[in-house]
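Visitor: I have a model open and want to learn to read its features. Where do we start?

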Amino acid sequence: MSPYPEDLERWREASRIAARARELGLRLTVPGASRREVADAIEASIRDAGAQPAFPANLSRNDEAAHYTPDPDDSLTFVVGDLVKVDVGAHLDGAISDTADTIEVGGGHRHENLIRAAREGLRAGIAAVRPGVRVDDISRAIAGAIRARGLKPMENLTGHSIERYLLHAGKSIPNVPGMSDDTLEEGEVIAIEPFATNGVGMIENGVFGNIVRFRSDPGTRDPALSALFARFRTLPFTLRWVSSDEERAALGRARRRLQTYPVFVERGRGLVAQAEHTVLVGPAGADVLSAGP
Ligand code: MN
Ligand code: MN
């Protein structure tokens, strides 16, 4: 049985929308910009295009590698030299795209080596994709490109296969070799996401990053809660998206049903850059769905 999604055009469209949202986020991330307003604008652009965010816009900064989204009263504004990962997801009826890039706020060149390392790792990983490829060959290509710049790939953050309504499906795409025995089949959709750092190359859990998801269907006993589940299913969401007091109170009552995500912080407090594309394993190699305009 072919793993190609039957509605491939929907996956392509979700990826076009995610890519445009990513580029918007990168443009808006300037000195003095509000982190909360940038996240709101990214997500609004996805909704305006007829899709839904597949997860809250992640705007992780400096030694934060991933999984930070602003909460409703986030007051941070970006400053010159901040290294910001703009990681964006969009979905159309569960057809998900996940894509990211990194920007140095203010347009300097302090962090150019890190940003280039992540992008070159992504390019090298994409170039290794073909039907039947060992995931390990992709990982080796990613790690080689990052190490060629004298930097470290993050060992315990990985890309992943994507299935309908499942952002992290069965397969991991590690950023270092020696971790996977999987191979890829034509028709699979994967996210490749190298992270490059000048730290130790491992993340650890930091504080709560304002991202949660339902572990399971809460049923119908609590109408406010079932309305929230109908909106988000098991995809990640955030309090900025939950505006009524009634729904916020319902979430407070349902803590045990929710998975909470900590921010991933570089263990040596090194700086981290990320680049990510959603890729279809095509007959002749990678079909980069989220390449964008
Ligand atoms: Mn991502
Ligand atoms: Mn991802």
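**Reading a loop and a helix**

Guide: Asp 93 is found in the loop between E3 and strand E4 (95–104). Strands (E, at least two residues) and helices (H or I, at least four) are DSSP runs, numbered from the N terminus. This is a predicted model: local features need pLDDT of at least 70, side-chain atom pairs count only at pLDDT 80 or more, and totals for chains, interfaces and linings use all residues. Residues are numbered from 1 along each chain as its sequence is written, and side-chain values use heavy atoms, without hydrogens and water.

Visitor: What phi does Asp 93 have?

Guide: Most residues other than glycine have a negative phi. Asp 93, not a glycine, has a positive phi of about 50°. His 67 is not a glycine either, and its positive phi is about 70°. His 67 lies in the loop between E2 and E3.

Visitor: Which residues of H2 are buried?

Guide: Buried means under 20% relative accessible area, exposed over 50%, partly exposed in between (1.4 Å probe, protein chains only). In H2 the buried residues are Arg 35, Val 38, Ala 39, Ile 42, Glu 43 and Ile 46. They cover an arc of only 125° around the axis, so they sit on the same side of H2. The arc is taken from the directions from the helix axis to the C-beta atoms.

Visitor: What lies at the ends of H2?

Guide: At the N-terminal end, Ser 34 is the cap: a side-chain oxygen lies 3.3 Å from the backbone nitrogen of Arg 36. Just after H2, Gly 50 takes a positive phi of about 95°.

Technical notes. Chains are lettered from A and ligands numbered from 1 in the order in which they are written. A polar contact is a pair of N or O atoms within 3.5 Å; within protein, one must be able to donate a hydrogen and the other to accept it, and residues adjacent in sequence count only if both atoms are side-chain atoms.
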